[in-house]
Amino acid sequence: MKDENTPKILEERQTGSAPRFSKATDQVPLNLVTVKREAPSAFRLDDPGTWPVVVQFLLYPKTLGGAHFIPFRLLLVVLMIIFTVQLMRDGYDAWIAQYLHCLNLPVHETGHLVFSIFGNRVLHSLGGSLFQIIMPLVFCFALWIKPRDILGASVALWWAFENFIDVAVYIDDALHMKLTLISGGTGAEAPYGFHDWNFILSETGLLLKYDTIANAVYTAGYVGMWLCVLWGAWSLFYYWFYQRDSSSSW
């Protein structure tokens, strides 16, 4: 038997739900904020801030001197062009190669002393040629990284690549050993190990590939020297068109 009061009780339970307490946050209007992202500025030569970081690092020159230095700096670029053409035309027989060899030779011999600390005969022999390239690189980074003297750095780097030509001649002589060495004789007349590159390539099993290696070093030297010419010329171009008017003196 159904209780007649049951529907009434159920109805009261359904309508008698717990009261809802409103939170304070319900009264706060929701304001959506739209953040606008600014589009990156277009690349402009006169504004280094629009350049990619790598491009700034490689190509942005700080102003380091007044306009009266321009003729001297222009002369350096012209000389790099002339000497590069001479080296490509005459190779080791170019007078600039012979002159710089007199500067490179003491550096070469110092490299043997420096690399002798490793106690390895191959590294000892290789150290002379490596040091010829390392020393100009030290000057290059000293002028480039902090002072940002790109032209000065390009001249030092050009010297490093010129040393590639000096080393390539030595490599090219590894098999026949006809060059006159510092002892006054040729490598063929000296004991085994006295001719650096004959010893290096013999010990590494690459002696019969001496000409391929020499040609690769020659190519790297010529390409590198022309890139240095462009790098130095760029610094003059940028100064003349974008920095000259904004600074009275370096």
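Visitor: With which residue does Arg-44 form a salt bridge, and how far apart are the closest N and O atoms?

Guide: Side chains of opposite charge can pair when their charged atoms come close. A salt bridge is a side-chain nitrogen of Lys or Arg within 4 Å of a carboxyl oxygen of Asp or Glu. Here Arg-44 pairs with Asp-46, and the closest N and O atoms are 2.9 Å apart. Please note that this is a predicted model, in which local features need pLDDT of at least 70 and side-chain atom pairs count only at pLDDT 80 or more, while totals for chains, interfaces and linings use all residues. Residues are numbered from 1 along each chain as its sequence is written, and side-chain values use heavy atoms, with hydrogens and water left out.

Visitor: How many salt bridges are counted by this rule?

Guide: The count comes to three. Arg-73 and Asp-149 form one of them, at 3.1 Å from N to O. This pair links distant parts of the chain, since Arg-73 lies in helix α3, Asp-149 lies in the loop between α5 and α6, and 76 residues separate them. Helices are DSSP runs of H or I with at least four residues, numbered from the N terminus. Arg-89 and Asp-90 also meet in a salt bridge, at 3.2 Å from N to O.

Visitor: Are Arg-73 and Asp-149 buried or exposed?

Guide: Buried means under 20% relative accessible area, exposed over 50%, and partly exposed in between, with a 1.4 Å probe and protein chains only. Arg-73 is buried because its relative accessible area is 15%, and Asp-149 is buried because its value is 13%. Arg-89, by contrast, is exposed at 61%, and Asp-90 is partly exposed at 33%.

Visitor: Why is helix α7 described as largely enclosed by the rest of the structure?

Guide: Six of the eight residues of α7 (residues 196-203) are buried, so the helix is largely enclosed. Among these buried residues are Asp-196, Trp-197 and Phe-199. The buried residues of α7 pack against α4, α5, α6 and α8 (210-243), where contact means heavy atoms within 4.5 Å.

Visitor: Which residues does Phe-164 touch, not counting residues up to four places away in sequence?

Guide: Phe-164 is found in helix α6 and touches Ile-133, Val-217, Ala-220 and Gly-221. Phe-164 and Ile-133 are 31 residues apart in sequence, yet 7.4 Å apart in space, C-alpha to C-alpha.

Visitor: How many residues line the largest pocket, and which lie nearest its centre?

Guide: On a 1 Å grid over the protein atoms alone, a pocket is an open set of points where a 1.4 Å probe fits, with protein on both sides within 12 Å along at least five of seven lines; lining residues have an atom within 4 Å of a point. The largest pocket is lined by 22 residues, and His-108, Glu-109, Tyr-170, Leu-181 and Asp-196 lie nearest its centre. Helices α4 (95-115), α5 (121-144) and α6 (150-172) each give two or more residues to this lining.

Visitor: What lies nearest the centre of the second largest pocket?

Guide: Of the 16 residues lining that pocket, Leu-76, Val-155, Ala-156, Trp-158 and Trp-159 lie nearest its centre. At least two lining residues come from each of α3 (70-90), α4 and α6.
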